[in-house]
Amino acid sequence: MSSAPTVPPLADVTASDASLRRFLHGLPGVDAVGLEARAAMLGTRSVKTTAKAYAIDLAISMIDLTTLEGADTPGKVRSLCAKGLSPDPTDRTAPQVAAICVYPDMAATARAALACSGVRVASVATAFPAGRSALPVKLADTRDAVAAGADEVDMVIDRGAFLSGRYLQVYEEIRAVREACVRPEGSTAAPAHLKVIFENGELSTYDNIRRASWLAMLAGADFIKTSTGKVAVNATLPNTLLMLEAVRDYRAATGTQVGVKPAGGIRTSKDAIKYLVMVNETLGADWLSPEWFRFGASSLLNDLLMQRHKLSTGRYSGPDYVTVD
Amino acid sequence: MASDTTQPHPHPHPAPEPDPFSPFAYAPAPESRAIVDIAPSYGHFIDGEFREASDGRVFKTIAPASEEVLSEVAQASTEDVDAAVRAARKAFTGWAALPGSERAKYLFRIARIIQERSRELAVLETLDNGKPIRETRDADLPLVAAHFFYYAGWADKLPYAGYGADPRPLGVAGQVIPWNFPLMMLAWKIAPALATGNTVVLKPAETTPLSALFFADICRQAGLPKGVVNIITGDGSSGAALVEHEGVDKVAFTGSTAVGKMIARTVAGTRKKLTLELGGKGANIVFDDAPVDQAVEGIVNGIYFNQGQVCCAGSRLLVQESVQEEVLDALKRRLTTLRVGDPLDKNTDVGAINSAAQLARITELTEAGEAEGAERWSPSCELPTAGYWFAPTVFTNVTQAHRIAREEIFGPVLSVLSFRTPDEAVAKANNTPYGLSAGIWTEKGSRILQVAQQLRAGVVWSNTFNKFDPTSPFGGYQESGFGREGGRHGLEAYLDV
């Protein structure tokens, strides 16, 4: 992360509800037709042979392998961790995933399973997915996840507050969760990284998504994330492209680099490669690593492994040759 | 993200290391040439069959991306033109007498065959023209098929088009088309002519004759009656002979303003009906409340689409001074990602210039731009050594007095001018002898309407650029020509009204 300047740029923006509102509403508008056309055009890039092999391994290494179900058990989480550590038991050259993403009560299980492997523990928090709890509950949820060993916290914003125009409230809530990501007294570990989930499907307009992106980045998000995966519209190419443009502009304005995580609905290698093409042509090399771009996904991994297998052997082996976890 | 990964990293294969220069270089993804079978030579398509030039003269057509000779085609003499016009005349009576619903069947059939053969035609067009396969595949061919489908729909509804209860065709249409969108311009000419009951003699441009000759084959495949469509190939002299021919009732031309003026003089005082679609110097106007990222895409699409060889290109960028720097920075950043090179590679954005002559014209005008004091910028890009290439170029510090602000360059060259108020934007946009296209970029709907009403341009796009649709009339003001192609309006040029 770039070191913060002594006088943070845009500091005055969050001085009051009015100034924050003026700033967010002063951001350039988004033309939906043009945005979607650009995303569709990038989707036509043809990624073959060596480029495809590179993209598949990169995509695997960017996955936050996720299980967020009411039916999650320690066994299920441990199984997912094993998968993340060694995605293809028949081919040890397959990279490990970036993180295992679970509910807070499973964070300790994941932590124990992953140990010092380098695969991180990501935990959703703040009354995920709806976020409809009081702030103290959300903060307790966050501290709980951090104490259980989460390296990364995926919080949800209060879409109700955002949609009714209480931007400063959303901002302050993100700040508070960020504070809660700091390790308990005595720990030397860095604070958990904060991913801020907008739930683009509920924000509904592209203008809102751009505003939410800036709002979250101003509040200190390490990552901005499209969605929970729990509503009808999750990550799409256009809404992710818009967020890529926002992190690009934010770095140009402040010098601070922020990561992006599309989540929900990305199931095939073809889809994943389209996202990587967008990152490549919008942000370039600086964001082409798991440190700055993630996929929130579960079934994507097996498709990537099947494609990887096909590239290396020339044959498509089918779903019985990857592990079901 | 701060790093707290001080732990050992035992896994043998961590994330692939990005190469700082080219972390995600797309491997070559060439579309296969094998799908298209180009004969070593072609004759004219007259009266339903291919025949050699009457005097045996031929010329070569080359691939501008490599200068490779693709084929040899016949050079039409006045006898060839005469034979073609006679064939069209002979076929006219029967074709015009067919019920509209019968003519529609042929047009629908042609449209479907174009769709079926679209990959082949896209590769052919890319080879002969030099434009990227992404454009022929995703823009040209879908629009070509759509145009035939659209006018097929009109063929049996002419009484309801607003031109009287039984509008009559004109007769034989002599059509001369340019090299920038060979097959699309053919569709714009032939589809409305056939739908209204005319027969045609069409001459494709000298540098891009092949797709029209393949279209001739499609006419045969569709069982179109002999002589309804005739294709002759040749240079400007063949085009002149066609325009001058006594048996032609209607002349339709798309091309340069200079040639358009010659044609207008030739046709003046005759019974021939004329439509001209000529050059342009389109203004793309970006206001300070524009959606910047999409405006940048629109600017790129406006002037680098088809290497800027587009009559309605947004070759003048008029940007409000208060956002000039921001827009130009974003534009330059975007241009560094344009992929220039092999037109057959599916990832190519900018292909080859169509001919040596056109390249010379672009080079001459850009040199004039520099000499007159404008500031020239191009992204660093490696251009192939063989073939005709010109890097995407932006000129800043351009004033209304510069040649590059007034003359049509017809290449990937953008001239950037600024304005302070909407009135100034309109005045500068209109300050041209042309008047084909313009673009308005603003999030404010009322401004779009207010500015569009004042612009003297046949097509005004708002928050988009270079969007085409067969249902939408297209054409110019002033020296950009007259008459409309496309839509209901496009029927008028081929009806005796």
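How are α2(B) and α6(B) oriented to each other? In this predicted model, local features need pLDDT of at least 70, side-chain atom pairs count only at pLDDT 80 or more, and totals for chains, interfaces and linings use all residues. Residues are numbered from 1 along each chain as its sequence is written, while chains are lettered from A and ligands numbered from 1 in the order in which they are written.

Start with that first pair. Helix α2 (residues 100–116) of chain B packs against helix α6 (residues 210–221) of chain B at about 125°, and their axes are 9 Å apart. Helices here are DSSP runs of H or I with at least four residues, strands are runs of E with at least two, and both are numbered from the N terminus. Axes are lines fitted to C-alpha atoms, for helices over the stretch in contact, with angles from 0 to 180 degrees between N-to-C directions. The two helices, α2(B) and α6(B), are therefore oblique to each other; angles under 35 degrees count as roughly parallel, over 145 as roughly antiparallel, 65 to 115 as roughly perpendicular and the rest as oblique. On the α2(B) side, B:Ile110, B:Ile113 and B:Ile114 meet B:Ile218, B:Cys219 and B:Gln221 of α6(B) (contact means C-beta atoms, placed from the backbone, within 7 Å). This contact has 5 nonpolar residues, 1 polar and no charged ones. Ala, Val, Leu, Ile, Met, Phe, Trp, Tyr, Cys and Pro count as nonpolar, Asp, Glu, Lys and Arg as charged, and the others, Gly among them, as polar.

Now for another pair. The axes of helix α4 (residues 133–154) of chain B and helix α5 (residues 182–195) of chain B come within 9 Å and cross at roughly 5°, which makes α4(B) roughly parallel to α5(B). The residues of this contact divide into 13 nonpolar, 1 polar and 1 charged. Among those in α4(B) are B:Leu143, B:Phe148 and B:Trp154, and α5(B) brings residues including B:Met184 and B:Trp188.

Zooming out, the domain assignment of chain B (bounds from an automatic or database assignment) gives domain 1 (38–278 + 480–492) and domain 2 (283–469). The centres of these domains of chain B, taken over C-alpha atoms, are separated by 29 Å. In chain B, 19 residues of domain 1 are in contact with 25 residues of domain 2. On the domain 1 side, α3 (118–129) and α4 of chain B are the elements giving two or more residues, and α4(B) supplies the largest share, 4 residues. That side of domain 1 of chain B has 7 nonpolar, 7 polar and 5 charged residues.

Notes
Contact = placed C-beta atoms within 7 Å.
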